[in-house]
Amino acid sequence: LPSLLCHQVRYARGRLPSRAGMAAELEPKICEPGGAGMFFPLLEAEHHWPNSLRVGMYIAALLYLFLGVAIIADKFMQAIEAITSQKKRVRQKSTGRIVTVGVWNATVANLTLMALGSSAPEILLSIIETVTGNFHSGELGPGVIVGSAAFNLFMIIAVCVYSIPSPETRIVKDDMVFIVTAIFSMVAYFWLVVICSISSPDVIDLWEAAVTLLMFPVLVYLSYLADIGYFSGGKAPRAASFHQQALWMEDDLAAPVSALTRDDFRHYGPGGHPALQSTEARNPSGILSFPATTWELSAGFEERDVHVPVLRMDGLEGVVTCKYRMEGRSAMPGYDFVATEGELEFAHGEDRAFVPLRLLPKRLGEHSDQFQIILEHAWGGACFDPEGDGGESKSLLTITIRNENEDLTRLSTAMRATAWLDGVFNMDALHFCVASWKDEIKASVLEVGGDDDDDDGNDSDGSSDGGKAKSPSGSDYFMHAIAIPWKLPFAVLVPPASLASGWPCFAMSLVFIGLLTCWVIDFAELFGCCANVRNEITAITLVALGTSMPDLFASKQAACKDEYADASIVNVTGSNSVNVFLGIGVPWVMSSVYWKVVGATDEWKLRYKEFVPDYPNGAFIVKSGDLAFGVIVFSLGAFVALTVLRVRRNKLGGELGGPYIPKAMTALLFTLLWFFYMGLSIWKITAGAASLGSQLFAIFMGICVLENVMLVLGVAAYIMGGRSSSKQQREPKGDIDIESYNRHVTLGRPTPPLEPPPAVPEQLAQASSPAGLRGAGRAAHHGRAGSSPYAGANGATVYGSPIRPRASGSAPMSFTNAAMVCLAVKRFKALDRRFSTVREAPLLAAPPPWESHHHLMHGRPGLQRDNSFHSLEESSVSYSPRPDPHQQPQRSVAGRVVDYVGRNAVDWAALSAAGLAAAQVVDLQSGGGLMGGAPSM
């Protein structure tokens, strides 16, 4: 950091001229006569049009291009999902069993293809700008990388946090993977500062660019080790641990599927297989499994209906359900079998159920194909066989459909040729792809709002529409009409993701994303030139937002639908790291190699005159003044954001969602952090050669403004949202059914079992609750799920007890807890004043005088909110729920807010003056002028 700041002082003294000035000496701007981009402007006469018309036209073109990028990026992600969802069947070395595993590890897929899909526009923009700029550092690429990272980390996570209904939470499942990606996301941007401003200021050596690129495989490898549990003590994938013998071997099947019953699998005697008898953790509700992992069925010239048995072993208590679905491998749904999905229900004492299956006719010459039946989402206490194919989360049955007329195929040469073609190309798969391609072309013109509707009839926010199709609105028709020029060409020219495992769709989508990226570069430079806005500002604002908006909607939908927060948080930290390692590492390696080979040309010497003495053979130059400052500001905000996410995980049980007040405050903080980065970055770009003191003072003032805006808006959110949040979080009245509560599972993490209330001494219960008060239920309170105050013998809550044990992990909700993200110095004067009133108040007040059951049922608060020195109340702490008749009327909210701001105005002014004085001292010590001005030469 000191080297960086000294470099900024040298920059301010004029040693390093700006790149904009050098570019003006070399060639005309893109919006001036004689200027041109890669594709635009199309007409030379366009340079003579009115400037205001061109600004409006270019901004509209940029927004329309962002719509096209979002549409083609969606097809790109479909291709990546098809590639990464491929499965294979392998034989386990330890057991000899054949199980189904993914070709791609989930973490590796997320950090490679998935990250490439979500960051493709930014990465391609940086690469294309560098290549088309004769391997000089561009003005858009690095700014878009950092600006997109700021939008992803701050705004996308803010939206995801707030979109979860209160008090639900979503927790990151693979916490170690999140820690690795979060650390690398910070290291990546710190490394940028090191190579740009400390190691070799403004010059990127080949080894620096190579290390930046090589960090990408290091990130992937360490994340993979974290995923398989290497850092937590294990050295094998969690889903692939098999320690016992298989329950059934594949040779157990000797009868047709339609004739199989449970008795065929009880030849091991009562209790089933010995492996189940020796299992310590027996399940009284049962273990659900198929009789085998692989079956073979025959199909001929006619349809056949079969029933696939599902067994319930080890226990038969209660009603148990699970869902089933079918997934094709080489067998195509609609051509080889009829894909269905539904739910199986086992009544109490019932030990088997059947999955209906319909096999379609097979032609002569058609090869054998495979598909799978998948059991998942068991309910009622049952579980799946941990030693079966699929592990504890699901159960898989792989069915091979054989052609019973294979002997007839050998009699004809034409049939043998047909069989050879089907074996090479899978004709049913080709027919399925052609049908899908036709459907996509029709849907691109005729389907309105189809992409935004959920399959289950639920909206993206989780609300249900009763299963009815949602009719398109006027805005849906408008968006569809303006998107047809994008949808139709992409549907015609880009193959469906089902063709060849998605690779053709992947390649064509990447080509179109690259083409649209070239157009985005041209229009962004045209807009900035005509509007007199620096390209760096356009990059971190307009272009970064446009390329990140698809990720915003996808992450919000994933946060609401998924059980865990990995898809919306880990993807952000991983994508931010990949943006630097690929989006900056690849073009910088190319440029470093290019200038190492080519050497200093006449154009290079004219552009970088001040570097000729130190680098006579040429080098890759990156002017790091604005880039380094923006990276430092982003890193400060990223550290705060990641810390808040960790605190939320420990205190609230999840990174996303939670009670309303903490959720709203977190979203507010993340939004302010994004404005903090944007404001300071734009200030630095417009200020140009800002001195060291000016930069320090700007960061200091940004932190002060961030804190105070957070406090003011937090007070407003707390006052306005308190009543609504209380209604949302109020627990049901009356006695709680503990068994029903224990069956409830909050999305993102299981809710701890609710233990019966502890016994309370009879004297304490009589002193704390009125006689005859029964069925009052639990009082509404804030805190983590599973925490509750003591309850008396009659169900009434005990208040004012000398001993109030607190459930593990619970905490009283106060405005200090809700505003835990506030930074900065606590105002000592206000702190002393407020704590003095607390010290004068009694530690424990008498129990509230319950007058009647009527008062309890009509909103009388059960647990008062703890005051803090940030609160607006001036009175001492009181636990009395009844207003004092002798107390003065309470002031209005507006009056209290004005009074609060007025009391702290002196503190703010003093802090600002101290910061300004410190900045001037730093300026004088470093040789700079007053207010950050460059000294006269």
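Cys-560 is buried, at 15% relative accessible area (buried means under 20%, exposed over 50%, partly exposed in between, with a 1.4 Å probe and protein chains only). The model here is predicted: local features need pLDDT of at least 70 and side-chain atom pairs count only at pLDDT 80 or more, while totals for chains, interfaces and linings use all residues. Residues are numbered from 1 along each chain as its sequence is written, and side-chain values use heavy atoms, leaving out hydrogens and water.

**Cysteines**

- For Cys-560, the closest cysteine sulfur sits in Cys-160, 7.7 Å away, which is too far for a bond (a disulfide is a pair of cysteine sulfur atoms within 2.5 Å).
- By that rule, the count comes to 1 disulfide.
- That disulfide joins Cys-31 to Cys-529, with an S to S distance of 1.7 Å.
- The pair ties together distant parts of the chain, 498 residues apart: Cys-31 lies in the loop between helix 2 (19–26) and helix 3 (51–84), and Cys-529 lies in helix 13 (residues 503–530). Helices (H or I, at least four residues) and strands (E, at least two) are DSSP runs, numbered from the N terminus.
- The torsion about the S-S bond of Cys-31 and Cys-529 is about -45°, so this disulfide is left-handed.
- Cys-31 is buried at 10% relative accessible area, and Cys-529 counts as buried too, at 18%.
- Cys-322 is buried as well, with a relative accessible area of 0%.

- Strand 5 (residues 287–289) runs antiparallel to its partner, strand 7 (residues 304–313), over 3 bridges.
- Ser-289 stands opposite Leu-311 in strand 7.

**Helix 5 and helix 18**

- The axes of helix 5 (residues 141–163) and helix 18 (residues 625–652) come within 11 Å and cross at roughly 20°. Axes are lines fitted to C-alpha atoms, for helices over the stretch in contact, and angles run from 0 to 180 degrees between N-to-C directions.
- Helix 5 and helix 18 are therefore roughly parallel to each other (angles under 35 degrees count as roughly parallel, over 145 as roughly antiparallel, 65 to 115 as roughly perpendicular and the rest as oblique).
- Residues in contact (heavy atoms within 4.5 Å) include Val-146, Leu-153 and Phe-154 in helix 5, and Phe-634, Leu-642 and Arg-648 in helix 18.

How values were computed
Pairing = 2+ DSSP bridges.
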